[in-house]
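Student: Could we go through this protein together, setting each value against its definition before we draw a conclusion?
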Amino acid sequence: AAALARSDREDMLPCDPWGLERSGSNMSELQPGVNSSHLEQQQHIWHAREAARFYQTYDAFCRVCMSAGTSSLASFFAFFC
């Protein structure tokens, strides 16, 4: 029982010097063999797939903005330099 209590206390101790993060030993995503099954149910995989759905929209917006900015910069140099 003493070893179990010590293990529980170690899980509660922060692993960073500021005390903001836990050790992560009880997180299901960090356990051995987690990638062998149920990969689609892991939270970080779900978040990556959700972000990928909107990637092309953001990429197109960034390309348009970069083109407009480059055009404005070229116009500035053409007229004022």
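Student: Which residues form one aromatic cluster?

Tutor: F76, F77 and F80 form one aromatic cluster. Please keep in mind that this is a predicted model, in which local features need pLDDT of at least 70 and side-chain atom pairs count only at pLDDT 80 or more, while totals for chains, interfaces and linings use all residues. Residues are numbered from 1 along each chain as its sequence is written, and side-chain values use heavy atoms, with hydrogens and water left out.

Student: How many aromatic pairs does the structure hold, and why is the pair of F76 and F80 called tilted?

Tutor: The structure holds two aromatic pairs. The ring centres of F76 and F80 are 5.5 Å apart and their planes stand at 40°; rings of Phe, Tyr and Trp (its six-membered ring) pair if their centres lie within 6.5 Å, and planes under 30 degrees apart count as stacked, over 60 as edge-to-face and the rest as tilted. The pair of F76 and F80 is therefore tilted.

Student: Where do F76 and F80 lie?

Tutor: Both lie in helix α3, four residues apart, which is about one turn of the helix. Helix α3 covers residues 55-80 and also holds F79; helices (H or I, at least four residues) and strands (E, at least two) are DSSP runs, numbered from the N terminus. The protein comes to three helices and zero strands.

Student: What makes F79 exposed, and why is F76 partly exposed?

Tutor: Buried means under 20% relative accessible area, exposed over 50%, and partly exposed in between (1.4 Å probe, protein chains only). F79 has a relative accessible area of 68%, so F79 is exposed, and F80 at 64% counts as exposed as well. F76 has 40%, so F76 is partly exposed.

Student: How many disulfides does the structure hold, and why is C62 in no disulfide?

Tutor: The structure holds zero disulfides. For C62 the nearest cysteine sulfur, that of C65, is 6.6 Å away, whereas a disulfide is a pair of cysteine sulfur atoms within 2.5 Å, so C62 is in no disulfide. C65 is likewise in no disulfide, the nearest cysteine sulfur being that of C62.

Student: Are C62 and C65 buried, partly exposed or exposed?

Tutor: C62 is partly exposed, with a relative accessible area of 44%, and C65 is partly exposed at 38%.
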